[in-house]
Every structure is written in C-alpha cells, then in structure tokens.
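Please read the following briefing alongside the sequence and the coordinates.

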Amino acid sequence: DPELYSLLLSAIYYITNDVKCLEKLEELSVRSDIDLFMADGIQYQVRLNRFRSQQKSQIPYEVIRNRHYILLERFLKEYQVEQSYIPYNERNKKRIVVMTDALLSQLHAPTNIVLELCKILQGNLGFEVFLTVCIANTKGSEMQKYCVFPFQAKYIEQYNGDFLLNLDTVKLPVYQMLLEKDTINEFQDLLYRIHNWKPLCVWYVGGNSFWHDVFNTFITMISMPCVEGYSVSEADVLVSYAKSSGEHIEQQRQYIQEQGQKIIDLEPGWVYKKEQGKRCRKDYNIPLNAVLLAVVGNRLEDELSEQFLEFMERLVKENNSIYYAVVGDYTKPIDSKILKERMIFFGFCKDLLNVLEITDIFLNPPRQGGGGGAARAQAVGKPVVSLKHCDVEAVSGKDFCCDTLDEMAAVIKRYCTDKEFYKSMSEKSLENYKKHSGVDMKEQYKRVLDTVETWIAEGKIK
C-alpha cells in the first residue's frame, strides 16, 4: 500500500532524521499506482526536508532528472495539456513570461529575485513582462495521508487571479493560481493564454516541480533556481544564479550537456539600502557589551532544530556575553531557560539592515538557504558563520564557512576574544559585498536573453 508505506517512511524520518527514508520516499513517488499530485507532493516534502536541514542528496543528478521526467510524461499523458509549438518567426520578440511558484514578501529571497528580474526586463530592457505564479502543494490535509506533519506551500490568497503589482516605476501584470487536481482546467486556460500571447520565451525561477516543464513543449524555456547548481528541468536553457563549484556541480553540467541542453552561468549581484530610522540595543534591553548573533529566516520554526537550539544554548553557557537577535516568525516554546533569556525576538523586519547593524555576527542554522540574510549582513560589515555547501557559502565565500558545528563554535569563540580577527573578517565581509554590489544585473540578464535569442535564431535550441 503506497499510502501506508509513505506515511510509515515519513514517520520514521520524523523520529530518526535518517536520510535513507527520504531516498525511499523519492523512489516511491514515481510508482504508477500513486496519484500524480500526491507523487509531486511527496517529492515536495523530500525537497523541503533536505533544504531546511541542509541534507545533501546522495542520489545522482541523472537519477533525479529521470524521476522528474517520469512525472512530467505522466502529467502530459493523463491531462493532455500540450499545445502546438510556436515557431520563432511567429513570436513577439519583446514579450517574456516570467514564471515562479511563490510570490511572498520581498524579504523572501526567491520572491526578491523574481521581482528584480521582472523590473529589469520591463523597466530597463524594454520587454513586456507577464508574471505567472502557479502554486502546487497547498492542500496539507490531503498530504497527511502520505506524510506526517507535511509542509504546505505558502501563498498570499488575495493575489489569486489577475492583478497589477506596482514595482517602483513598473506596473507588472500578474496572474496567480493554485495548481491542484481540481484546477487543471484553469491551468489549461493559462497554457492557452500564454500560447496565444506568443512570447519570445518563458523564464522559470524556482524549485524543481515537473509542472513548469509543460511550457517547454511549445515555447523556448529558461529555468533558473534560486540556490546553487542547476534546475532539475527539461528546459532548453539552464541558468545558474548562485556561483557554484564542486564535483556535484561538474556532474550536473556534464549530464546537462549530454542531453543537448544549454548552460549559462550568472555572476549574481545585489545592492541593499537601509530604511529610515535607527535601531538601538537599549530599546531591547540588550547590553552594549553583548556579542549579539543574528539568526534570520522565513522558516525558522522548521530550521531551528532541536540540535541547533542545543548548539545555541552551548554557546551561551560557554560565553556569558552572547545574545541572539531572532529575526523572522518564531512562536515555538523554548525549553531552555538560559537560552530563552538570551533570545530577543524581532519578528519580520522590513528594516533588516537596520537590525543587522546592531548585531555582531550572522549565524546561519544548518539549511540550504540563508544567502539573502548573509548578503545583507555583509552589506553592513558583519562576519558570517555557517556550515559549508549551502547558499551562504555561494554568497559569502568559503572563508566564512565551516565543516562542523564544533568548528562554528570555535570560530565564534575567536570572534568574541580576538578583536583583530573580528576586524579583518568584518572588512572581508564589506569587500565581498562591494564586489557583488558592483555587478550590473541588467547586463547579466541582457546577456542571457541575447544568447538565448541567438541560439534560437541559429537553430541550436527550439
């Protein structure tokens, strides 16, 4: 019984944190006797568990791609949503569809990347942009049949349907829908709408769900993740947003090229500005001589694991001057009295740079994300402490990353006691930010589209 087997595996994982359970769930998700949307839901649960706990998949990229393709082919066969291919000479070369699977606040790093892309395409490069947001995995109650305590995709309900989003001087047309079994007709209508609009291409930014590759059946597709590496996608062009390296990245590149897909690597850049006003430690009863560690995130209730909370408590016990500025939604009870007394909860803050400015160190929990917070911390000269092999390493550099939590503890201890070391790493943070803030993303995105259009015109991609 796939339903019972999936539930059992997820329960064992919840208790043991054994990554083998996730691997078994991935194998299970491509069985033909599982409902297609539940199969996608299982893969979504696995991806989020890995992302939030920084557990790297040991499964080769090729295998993940094959499983992705199986679900895509099932979707195309079962729902028959394919459209006829749009020849290059029939497309409007100044129209682009940007597609994603989440549109939240601009403190949500993927949302920020998507909106920045849209602003540049429409406001600077002169394209007519249509942003579509298709959100799957919103029905946690159904997923409970297959997974204990399932994650559910977040979305802003008032965004559903068509609306105009004001982005400075740009008015961006947006269409958001929930992609579920009972909204397939709505998804079909969206396909018709984009097909009739005849854009140059569809540029997808986001995760690895199979549904977005449906658009690749009738139009040129660009796929770009918000994390290191390349998308799991059948798209014509795979763009890397975060500069990545390592053996696993080279394996991805080799497989992608063997499939005849094209690769473009970006040099990401970002510029942050402080909000008006100023934060002061005294307003939060934080001692002026405290060593204040910033812990920042949109999903802290999932990312601050029991193990990491014990690590935070250990740091406090080893150094009486340590306090924590917790920025993001966190309402779970803190069992440790000593840790609870040292945690100041700021909630979500639009003036994140102002908050980071009164801290001393950016502490990244074990997770795949955190790059946006780390970049902002470096913008105000704060050293970063993180484990390796995550977005923070791609953003901040290897000098700020460690192999283990014990190594992180040792580095933090040194920051607390060695002023010259702290000063040098603070300067290195600012240097790294200045390097990225000097990158012109308008030129980066223009290079992508110029290259893609040349490849289409030359027949190197469809």
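By class, the residues that line the largest cavity comprise five nonpolar, five polar and three charged ones. The model is a predicted one, and the structure in it holds one cavity of 30 Å³ or more. The points below begin with that cavity.

**The largest cavity**

- The volume of the largest cavity comes to about 90 Å³, and its lining is made up of 13 residues, among which Met38, Asn137, Thr138, Met143 and Glu180 lie nearest the centre.

- Two or more residues of the lining come from each of helix 1 (2-16), helix 2 (19-29), helix 3, helix 9 (300-303) and helix 10 (306-318), and helix 10 gives the most, with five residues.
- When the lining of this pocket is divided by class, 16 residues are nonpolar, nine are polar and nine are charged.

- Along the principal axes, the C-alpha trace of the protein spans about 65 × 55 × 45 Å.
- Of the 462 residues of the protein, 56% count as buried, while the accessible surface comes to about 20,900 Å², with 47% of that surface belonging to carbon and sulfur atoms.
- Among the contacts between residues at least 6 apart in sequence, 67% join residues that are at least 24 apart.

**Helix 13 and what covers it**

- Nine of the nine residues of helix 13 (residues 371-379) are buried, so this helix is largely enclosed by the rest of the structure.
- The buried residues of helix 13 are Gly371, Gly372, Gly373, Ala374, Ala375, Arg376, Ala377, Gln378 and Ala379.
- The cover over these buried residues includes three helices that are given here with their ranges, helix 5 (109-124), helix 12 (352-357) and helix 14 (391-396), and it also includes helix 16 (419-437), strand 12 (361-363) and strand 13 (384-387).
- Helix 13 is followed by Gly381, a residue whose phi is positive, near 75°.

**Ser231 in its loop**

- Ser231 is found in the loop between strand 6 (221-224) and strand 7 (237-240).
- Is Ser231 buried or exposed? With a relative accessible area of 0%, Ser231 is buried, because the cut-off for a buried residue is under 20%.
- Leaving aside the neighbours within four places in sequence, Ser231 is in contact with Tyr61, Asn208, Ser223, Met224, Pro225 and Leu238.

Terms used:
Residues numbered from 1 in each chain as written. Predicted model: local features only at pLDDT ≥ 70, side-chain atom pairs only at ≥ 80, totals over all residues. Heavy atoms only, no water. 1 Å grid on protein atoms, 1.4 Å probe; cavity = no way out; pocket = protein on both sides within 12 Å on 5 of 7 lines; lining within 4 Å. Points joined across faces, edges and corners; volume = space filled by probe spheres on them. Nonpolar A, V, L, I, M, F, W, Y, C, P; charged D, E, K, R; others polar. Buried < 20%, exposed > 50% of the residue type's maximum accessible area, 1.4 Å probe, protein only. Contact = heavy atoms within 4.5 Å. Areas by Shrake-Rupley, 256 points an atom, 1.4 Å probe, with all protein chains shown as cover. Helix = DSSP H or I, 4+ residues; strand = E, 2+ residues; numbered from the N terminus.
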